[in-house]
Amino acid sequence: MKQAMIFAAGLGKRLKPLTDTTPKALVKVGGEPLLKQVIVRLRDAGFTRIVVNVHHFAQQIIDYIRANNNFGLDIRISDETEKLLDTGGGIKKAMSLFDKNYPILIHNVDILSNVNLAAFYEQGQESDATLLVSSRKTKRYLLFDDASMLCGWTNIETGEVRSPYPNIDVRKLHAYAFSGIHLFSPYLFPCLEEMPDKFGITDFYLKWCSTYPFKGMVMPDLKLMDVGKLDALEKADEFARTLADSDALPAIDDNKNTNNS
């Protein structure tokens, strides 16, 4: 069995005024809601159980899924209407909805990409968590050692560095941007129990990366768009039409230049 979780609970503030009456997950790109695009891609990749967390206009999302007969899948709702729990807290609240024998592919609802999700799911099971990353330019980067293992985070604009390792040397590490797509093992559920109700998944990974193997997987030819902003939405229709799945997901190149700023 393959199982996944779609983060669909966000307020979608960057998509206002569209999200004044509609949840971000139901904003249309290429004529179809973002949620449908992600669900269909997961279904086509062989996923049979999907957990969707909801908060903002939660009932609209629930009604939409029901109206489409769950897209022929085992779709379960993790209800966060009382309190938005952020990405890490969202996984923690949804733990009981998963089969604890299989890893969970986590996918933001507002991410469109050419990632081969089936290949990523299979290849990512070598570690307790595998994060899909790329060399695209951003302000915030995850930091990996020569074995592709997560060991920190940095904001190149402010110079802030976060890591459980003392005296970490950013210059000797590989800096990559996170894609919002990752594979999470139920083996880590006891660690989630030790976290607060609301927290970001990056905070979780940085807290536990010195104890458990969290690997970065690079897709050099990654085509990815965060459709969470109005200006991106204008370009998203064409992007959605031109996406093509990648045949493979290469591992991190240890000899790659680490300066991606």
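Is Trp208 buried or exposed? Select Trp208 to start: at 11% relative accessibility it counts as buried, because the cut-off for that label is under 20%. Keep in mind as you go that this is a predicted model.

**Stop 1: the aromatic cluster**

The structure holds twelve aromatic pairs. Now widen the selection to Phe184, Tyr187, Phe199, Phe204, Tyr205 and Phe214; together with Trp208 and Tyr212, these residues form one aromatic cluster.

Lys207 sits over the face of Trp208, 5.4 Å from the ring centre. For another case of a charge over a ring, jump to Trp153, where Arg162 lies over the face at 5.6 Å from the ring centre.

**Stop 2: strands β8 and β13**

Next, colour β13, residues 214-218. This strand is mostly covered, with four of its five residues buried. Bring in β8, residues 129-134, and you can follow five bridges joining β8 to β13 in a parallel arrangement. To see how the two line up, pick Leu132, which stands opposite Met217 in β13.

While β13 is on screen, select Lys215 and Glu126. Their side chains meet in a salt bridge, at 3.5 Å from N to O. Glu126 belongs to the loop between α4 (117-123) and β8, while Lys215 is in β13, so the contact ties together parts that are 89 residues apart in sequence. Glu126 is exposed, with a relative accessible area of 65%.

**Stop 3**

- Select Glu157 and Lys139: their side chains meet in a salt bridge at 3.6 Å, N to O. Glu157 is in the loop between β10 (150-155) and β11 (160-162), and Lys139 is in the loop between β8 and β9 (140-144), so the pair ties together parts that are 18 residues apart in sequence. Glu157 is exposed, at 56% relative accessible area, whereas Lys139 counts as partly exposed at 42%.
- Select Arg49, Asp74 and Arg76: salt bridges that share partners join these residues into one network.
- Select Lys16 and Asp20: their closest N and O atoms are 2.6 Å apart in a salt bridge. Lys16 counts as partly exposed at 43% relative accessibility, and Asp20 is also partly exposed, at 40%.

**Stop 4**

How many residues of β10 are buried? Six of the six are, so β10 is largely enclosed by the rest of the structure. Show its partners on either side of it in sequence. Five bridges join β9 to β10, and the two run antiparallel; one place to look is Phe144, whose bridge partner in β10 is Leu150. The hairpin of β9 and β10 has five residues between the strands, and there Ser148 takes a positive phi near 70 degrees.

Now move on to β11. Three bridges join it to β10, again running antiparallel, and Asn155 has Glu160 as its bridge partner in β11. This hairpin has four residues between the strands, with Gly159 at a positive phi near 85 degrees.

**Stop 5**

Select helix α1, residues 34-44, and pick out its buried residues: Leu34, Leu35, Gln37, Val38, Ile39 and Leu42. Just after α1 comes Gly46, with a positive phi of about 95 degrees.

Then go to Leu112 in strand β7, residues 111-113. Leu112 is buried, with a relative accessible area of 5%.

**Last stop: confidence**

Finally, colour by pLDDT. The chain averages 90, and 92% of the residues score at least 70. Zoom to residues 244-248, where the pLDDT is below 50; beyond near neighbours in sequence, this stretch has nine contacts in the model. Over residues 250-261 the pLDDT also stays under 50, and the model has 30 contacts for them beyond four places in sequence.

Key: Residues numbered from 1 in each chain as written. Predicted model: local features only at pLDDT ≥ 70, side-chain atom pairs only at ≥ 80, totals over all residues. Heavy atoms only, no water. Phe/Tyr/Trp six-rings, centres within 6.5 Å; stacked < 30°, edge-to-face > 60°. Buried < 20%, exposed > 50% of the residue type's maximum accessible area, 1.4 Å probe, protein only. Lys NZ or Arg CZ within 6 Å of the ring centre and 35° of its normal. pLDDT = per-residue confidence, 0-100. Contact = heavy atoms within 4.5 Å. Salt bridge = Lys/Arg side-chain N within 4 Å of Asp/Glu carboxyl O. Pairing = 2+ DSSP bridges.
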